[in-house]
Amino acid sequence: QGSFSEFAAMADDTPPVIGRLITDEDALDADFVKPRMTPAVLGVLATMNLIDCINATLLLPYVEQMIAKFTDKPIDDPSVAQQVGILIGLYSLCEFVFTYWWGWLADRVGRRPVLLVGLCGSAAAPFLLGFSTTMPMAYTARALDGFFCGNIGVTKSYLGEIVEPENEAFGFSVLAVCYSVGLIIGPTLGGYLADPAQTWPALQGTVLDTYPYLLPNAAYGSCAWVALALGTFCLPESMPPSARRRNRLGKRSAGEYSLRRNTQFVISACMYWLLTTYYTAYQQDFVLLVQVPQESGGLGFSKQVVALSQNLVAFPLFGLNFFLFSRLCNRFGYLKVYKSGWLVHLLVVVPFPLLYFLSDSVMKYPTVMLSYAIGGACGGCLFPTTFVWINSSLPSEAKGRGNGVINAIGALCRGAANPIFAGVFSAGESISKKWGGLGIHVMSLVIGPVACLVLVRYLRPEQVTGSVVGLSLPDLSGHSSPVNTPREGEIYGRAAEAPLMTTPGVTPRAAHA
């Protein structure tokens with residue numbers, strides 16, 4: 001009896017270890033307010049995402065001219081083409097190597113500091129490239145650009161932590177359209193602003209004449225500085241201090257587990273890699289097929305018409321992402337929207353070879369452009385849906401490294417798709433100038449839609465419908481435990497005062513209220 005009394009007294013005086021742990025975490029999170037997806041926060045994230053997307057394509061219009069000038073060789077010299085591939089590929093290589101580690105760092109120090117550091121690098125590197133006069137300087141600037149390119153994955157992690165079920169589709173669709181818009185703005189800035197002294201003679205003899213590639217890089221760098229200022233003043237931290245502390249100390253929480261053992265993440269990741277590989281091949285496939293000479297039975301499109309066709313995709317894509325996608329997901333669910341996106345895409349892409357019979361008709365231009373615009377706009381349903389599934393499969397503590405893996409291998413897929421599918425096209429074209437190139441068309445269809453539609457069947461029903469609150473995933477021990485805290489009003493410490501941003505015209509579903 002005496003021993004029991006002593007034990008009871010000791011228990012009263014000394015709280016259990018788990019009690020102290022919970023108290024410590026509550027103290028850390030006492031003043032933390034989880035941000036909500038307000039227009040200001042979404043605007044800053046969209047700007048950051050747009051900056052990185054512009055960076056990937058800014059160099060394309062003038063890279064051959066720049067290398068020829070730096071090496072003092074004619075633009076058609078084989079060594080110029082070789083160095084073009086190295087300079088462009090250097091960015092993707094650095095993206096592949098470093099993106100995961102930016103996500104890993106974001107899980108330990110928070111999303112906000114990593115985003116701001118990445119923007120600092122993105123704001124400084126283009127000025128170094130603009131003032132370059134030799135190839136070593138250009139390589140250094142491009143490698144520095146690639147080193148700081150981890151923000152795309154971190155912005156997705158940030159958004160995945162602040163969205164609510166009723167605005168999740170709209171938030172990720174905005175990031176998806178930023179990527180597409182960036183692919184258009186980048187070449188436009190590079191094409192119109194490079195070597196401005198040749199376009200505007202009044203600039204001859206100025207610094208823009210001495211450094212002919214400074215203006216497009218300065219314009220892009222200035223946009224990055226604006227994004228940095230917006231992020232500094234308008235972007236709060238989205239990851240609670242206790243989660244950052246656990247990651248830094250290496251403590252295992254309910255949601256901290258091996259990414260490889262998270263089957264839902266692996267399936268969603270494979271779907272994204274297949275999707276990005278397919279759309280890279282699809283865009284290249286279109287460019288190569290429509291430029292087959294008319295005398296060989298092809299469509300014979302000029303480069304100007306091809307460029308116009310690619311730019312026209314932005315309009316239906318923009319309208320779909322901003323006005324339709326979130327409404328469709330709210331009404332029909334993610335799974336039906338995803339499958340419908342592939343179905344519509346296949347309906348316009350599979351019959352594409354039949355358009356060769358219009359090679360002598362003036363109707364080939366609107367028909368081909370409409371087909372490409374619809375096929376490209378379907379990506380506005382496929383990419384954001386996949387982003388939602390990826391983020392819903394990850395707990396907050398693992399979103400950074402999870403999205404880091406996604407974007408790192410995605411960069412590798414995009415980099416490898418171009419030479420592989422170009423080789424398939426060349427091999428087929430050597431057999432038949434008119435029909436041989438369609439081998440890449442068939443091959444890409446098998447890799448993309450068929451594989452993705454098979455994989456989506458293995459996602460859990462609660463994930464594909466978007467109902468991910470309380471989603472249970474396996475941890476390292478093999479047991480099942482909830483990894484997502486409730487996202488509706490998820491607040492640490494004190495109540496959030498920021499107004500919730502909902503999808504325009506969409507009423508929150510009662511099931512999530």
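Tutor: Gladly! Buried means under 20% relative accessible area, exposed means over 50%, and partly exposed lies in between. Keep in mind that this is a predicted model. By that rule, buried residues make up 51% of the 513 residues in the protein.

Student: Why is Gly-376 called buried?

Tutor: Its relative accessible area is 13%, and the cut-off for buried is under 20%. Gly-376 is therefore buried. You will find Gly-376 in helix H18, residues 364-377.

Student: Which residues does Gly-376 touch, leaving out those up to four places away in sequence?

Tutor: Gly-376 touches Tyr-279, Tyr-282, Val-313 and Leu-317. Contact here asks for heavy atoms within 4.5 Å. Tyr-279 is 97 residues from Gly-376 along the chain, and their C-alpha atoms are separated by 8.2 Å.

Student: And what makes Phe-96 partly exposed?

Tutor: Phe-96 has a relative accessible area of 32%. Partly exposed covers values between the buried limit of 20% and the exposed limit of 50%, so Phe-96 is partly exposed. Phe-96 sits in helix H5.

Student: Which residues make the nonpolar surface patch?

Tutor: Leu-93, Phe-96, Val-97 and Leu-412 make a patch of about 320 Å². Patch residues need over 30% relative accessible area, and Phe-96 has 32%. Helix H5, residues 78-109, gives the largest share of the patch, three residues.

Student: How much of the protein's accessible surface belongs to carbon and sulfur atoms?

Tutor: They account for 66% of a surface of about 22,200 Å².

Note on methods:
Residues are numbered from 1 along each chain as its sequence is written. This is a predicted model: local features need pLDDT of at least 70, side-chain atom pairs count only at pLDDT 80 or more; totals for chains, interfaces and linings use all residues. Side-chain values use heavy atoms; hydrogens and water are left out. Buried means under 20% relative accessible area, exposed over 50%, partly exposed in between (1.4 Å probe, protein chains only). Accessible areas come from the Shrake-Rupley method with a 1.4 Å probe; for residues, only the protein chains shown count as cover. Patches are made of residues with over 30% relative accessible area and no salt bridge: like charges are joined within 9 Å, nonpolar side chains (Val, Leu, Ile, Met, Phe, Trp, Tyr) within 5 Å. A salt bridge is a side-chain nitrogen of Lys or Arg within 4 Å of a carboxyl oxygen of Asp or Glu. Helices (H or I, at least four residues) and strands (E, at least two) are DSSP runs, numbered from the N terminus.
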